[in-house]
Amino acid sequence: MRAAIRSAHLLLVASVITCAAGDLGPTPIPGAGGADGSGGASSSSSSSTGGSTPPVGEGGAGGAPAELPKSCTVRAGEIDALPWCDEPSAPADGIELVKKWHYHATGSDVIAILNPPLVANLNDDDGDGAINLCDTPDVLVPIVYDGALHHVQFVVLSGKDGSVQWTIDPGGLTIASPAIVDLDSDDVPEILVTNNAGHVMALSPSGAVLWEGTAEVFDPVGWYQVDPTPPLENTLRARFVTFSAVSVADLEGDGSPEILVGMSVLDAHGNLRFQDPTQGAEFGLPTHFEAIRPVAADLDSDGTMEVLFGHVGYRADGSELFRLPITPGWSHVGDFFGDGRLSVLVVSAEGLTLVSPKGERLWGPVRPPDDAPPSVPFGWAHPAAIVDIDGDGLPEALVNTNERRMVLRIDTSGPVVLRSEPLPLNGWNLTDRSGSTAFDFRGTGPDWLAYHAQGLTLLDGMGPTRLDELMVAGFAYPGFPVVADIDNDGSADVLLRKSDCKNCWPTDIIAYEDVQHRPSPARRLWNQWNYVAGAFREDAKLAPAAKPSSKTTFRVQSRLACRPPEGEPH
Amino acid sequence: MASISTIACVTLSAGSAQASPIDNPGLNCTFRFEQNSSIPFLDFSNGKSATNLSTVNYFTADTDSAGNMGFVGSTMQAVPTDAFIGGNPISVRLLFTDVSGTTDLSGADPDINWTMTARAQFVEPVNGVTTLNCQTATFTIYVTGNWDDTTSSAFTIPALSGSGSGACNGLSSVINTALGLGTNGATLSLYKFAAYNGVNPLSGS
């Protein structure tokens with residue numbers, strides 16, 4: 001398989017030579033393997049590939065009368081390429097996830113798949129002349145290959161069967177989680193990465209370097225220099241920001257997006273807009289910490305976005321909005337009070353902290369349910385998800401700790417535990433950066449993909465029914481689940497990482513699908529670690545700014561509406 | 001990684017019909033650790049251990065009929081330990097820089113008497129701990145007995161220095177503590193060990 005990867009890379013190099021910015025992505029490599037589709041229901045003949053006729057589901061969205069044009073693009077004023085409604089539009093009757101395909105990163109020097117995979121359309125694999133929503137979605141997998149951490153490569157898998165389409169290895173990639181965004185709205189997405197010079201680069205889908213920024217988003221001397229030992233100052237300016245995640249937002253709504261990574265904000269060409277002066281250096285050399293992974297949101301609905309680095313928030317103009325007395329954590333936003341403004345829920349080692357739209361700390365850090373000290377120092381190092389899971393019109397927070405998975409109502413006075421499930425740890429600790437999400441599989445409201453150390457429990461929203469129990473492996477590290485329709489069949493899929501030995505880093509990606517391919521149309525995009533469904537169109541372009549509402553979700557995939565043949569989406 | 005079959009092992013004279021530690025001596029013979037064994041490969045002095053050599057790990061040595069070994073090189077992978085920095089496992093690579101001694105396959109059980117020189121390299125990617133910035137000074141391991149199941153004498157893996165190639169991105173003291181480095185009591189275990197001249201198992205009679 002490694003040989004296949006290398007072959008693919010050689011072909012990729014050739015394609016890079018001929019492809020300029022705006023290319024349609026590389027042609028998949030016939031026979032390039034890497035996936036094992038055994039073990040579950042195989043892709044049925046109803047699964048669409050690329051531009052094939054959308055499947056006729058069992059009565060939900062996703063089916064299409066043959067005479068209607070395919071929904072390949074996002075219409076003006078919308079953010080999704082909505083499928084045609086079939087009739088009648090009935091909810092699916094259940095969900096049973098089975099393995100669809102399995103990718104294993106091979107090679108004696110494979111260290112880890114450190115970040116969750118991303119999903120987007122990266123090439124024109126149906127040959128219609130454009131990269132669009134009729135292509136088979138691609139799964140971007142970042143792999144660290146050697147113990148020196150000098151070799152990071154992205155493998156692009158077909159969502160249909162997990163086969164290796166091509167590899168991306170421009171040299172010098174780092175371990176930060178990339179983002180896939182069509183920055184310049186030319187209908188070809190860019191892959192935004194960091195490199196070992198501490199810069200942001202934009203890559204074409206093929207892996208060609210489109211540009212490299214000049215701003216240093218982490219200190220490369222502090223991270224890479226071995227001898228002489230880098231000064232502590234350099235080390236500290238790398239420690240908290242190198243293993244970051246790239247995020248994109250249009251802070252001023254002027255059509256020119258900003259790139260967020262570490263504690264830096266760059267323009268759409270990688271030039272520095274502003275940067276936190278310390279980049280976390282004040283935290284010194286703690287034994288445990290989490291890297292800063294920024295996101296932006298218009299907290300107060302004034303038309304400009306705030307930048308949220310976790311313990312610190314900034315206004316779009318680079319002025320500091322708040323600084324919390326906590327260690328680095330991750331920000332999540334939600335209209336928890338239904339007033340059309342977004343509050344910031346920060347998860348850090350200390351627990352949960354809530355910040356108002358004006359940047360005032362409302363409460364925290366607190367550790368529900370009982371404020372007990374965490375059993376392990378990283379007990380709260382888990383990103384949350386924000387969604388209205390109980391259907392009360394206000395979003396809840398899905399929060400994992402090392403011992404519990406909880407649904408919390410975020411009140412002005414503190415978190416209220418609506419549901420708390422003990423984790424079946426079986427002697428394992430919940431790994432860092434793992435957590436729960438939700439998706440409306442059945443058209444009846446969000447189901448809770450409640451994470452535990454070895455897999456997922458799929459719960460009927462707030463109901464008592466366990467819809468499914470997914471044991472990913474006998475070992476830990478499934479990581480955060482990613483939900484998307486990766487094979488474009490109108491039925492949502494779930495991606496998880498997996499390790500194949502005790503205490504090993506994950507080296508596998510497993511795709512799960514519903515055994516019956518029941519209609520559960522999910523977006524075909526999960527384009528950055530801090531995924532906000534409403535922030536991006538399905539074609540990876542930034543969506544027009546939407547007013548915050550209680551329907552605003554965070555790290556939760558959206559179920560697609562459908563379009564009646566002559567009507568409005570519903 | 002080159003496949004094992006492509007590593008040339010030139011067969012030397014097998015010698016006379018009398019008992020011989022090695023019947024099929026040669027150059028560049030590969031000495032392989034058991035893959036996917038549940039037996040810890042390396043135990044640290046503080047009780048932590050590394051298990052699961054998931055790909056082929058070996059050293060290469062020219063081997064004569066008397067079982068004398070001339071070290072050529074080693075190919076070892078990073079192996080997860082049950083020690084953590086925060087929630088992230090620390091992996092260790094035992095990089096051999098010399099192996100000398102004898103291997104005698106003439107009896108009922110394989111019999112070895114090796115002096116192994118190694119350095120330990122550590123990896124924890126989230127914290128920027130790499131094989132380049134986190135390695136110990138060399139140390140010596142003595143291992144004798146039946147390579148199907150034997151354990152070395154206790155040895156000391158030197159503590160990480162805290163600077164240069166032992167700086168570990170500022171985490172050397174954390175790793176020293178996590179794995180008991182600098183303290184005697186570490187052991188290397190050989191379990192279902194095997195050696196090959198090309199694709200053929202080394203044998204004695």
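**View 1. Val141(A) and the residues it touches.** Leaving aside residues up to four places away in sequence, Val141(A) touches Tyr103(A), Ile113(A), Pro117(A), Phe154(A), Val155(A), Leu157(A) and Ile509(A). Here, two residues are in contact if their C-beta atoms, placed from the backbone, lie within 7 Å. This is a predicted model, in which local features need pLDDT of at least 70 and side-chain atom pairs count only at pLDDT 80 or more, while totals for chains, interfaces and linings use all residues. Residues are numbered from 1 along each chain as its sequence is written, and chains are lettered from A and ligands numbered from 1 in the order in which they are written.

**View 2. The largest nonpolar core.** The largest share, seven residues, comes from β8(B). A nonpolar core is a set of buried Ala, Val, Leu, Ile, Met, Phe, Trp, Tyr and Cys residues joined through C-beta atoms within 7 Å. A residue is buried if 20 or more other C-beta atoms lie within 10 Å of its own, exposed if 12 or fewer, and partly exposed in between, with C-beta atoms placed from the backbone. In soluble globular proteins, nonpolar side chains tend to be buried together.

**View 3. Strand β8(B) and its two partners.** Strand β7 (residues 88-104) of chain B pairs with β8 (residues 111-123) of chain B in the antiparallel sense, over 13 bridges. A hairpin of six residues joins β7(B) to β8(B), and Phe96(B) stands opposite Ala118(B) in β8(B). Strand β9 (residues 139-145) of chain B also runs antiparallel to β8(B), with seven bridges between them. There, Thr115(B) has Tyr142(B) of β9(B) as its bridge partner. Two strands pair if DSSP finds at least two bridges between them; helices (H or I, at least four residues) and strands (E, at least two) are DSSP runs, numbered from the N terminus.

**View 4. An open sheet in chain B.** Five strands lie in the order β5-β4-β1-β13-β14, with antiparallel pairing. At the edges stand β5 (69-75) and β14 (200-201) of chain B, each with a single partner strand, so one side of each is left without a neighbour in the sheet. Inside the order, β1 (residues 26-32) and β4 (residues 58-63) of chain B run antiparallel and are joined by five bridges. Look for Cys29(B), which stands opposite Ala61(B) in β4(B).

**View 5. Where chain B meets chain A.** Here 32 residues of chain B are in contact with 31 residues of chain A. On the chain B side, β6 (79-85), β7 and β8 each supply at least two residues, and β6(B) gives the most, with four. By class, this side of chain B has eleven nonpolar, 19 polar and two charged residues. Ala, Val, Leu, Ile, Met, Phe, Trp, Tyr, Cys and Pro count as nonpolar, Asp, Glu, Lys and Arg as charged, and the others, Gly among them, as polar.

**View 6. Leu459(A) in its strand.** Leu459(A) is found in β29 (residues 455-459) of chain A. Is Leu459(A) buried or exposed? Leu459(A) is buried, because 24 other C-beta atoms lie within 10 Å. Not counting residues up to four places away in sequence, Leu459(A) touches Asp447(A), Trp448(A), Ala450(A), Arg466(A) and Leu467(A). Pro446(A) is 13 residues from Leu459(A) in sequence and 9.3 Å from it in space, C-alpha to C-alpha.

**View 7. Helix α3 of chain A.** Which residues of α3 (residues 232-239) of chain A are buried? They are Thr235(A), Leu236(A), Arg237(A), Ala238(A) and Arg239(A). These buried residues pack against α2 (220-224) of chain A. Chain A has three helices and 33 strands, and 61% of its 570 residues count as buried.

**View 8. Confidence along chain A.** The pLDDT, the predictor's confidence in each residue from 0 to 100, averages 86 in chain A, where 85% of the residues score at least 70. Over residues 1-22 of chain A the pLDDT is below 50, and this stretch has 37 contacts in the model beyond near neighbours in sequence. Residues 30-65 of chain A also stay under 50, with 116 contacts beyond four places in sequence.
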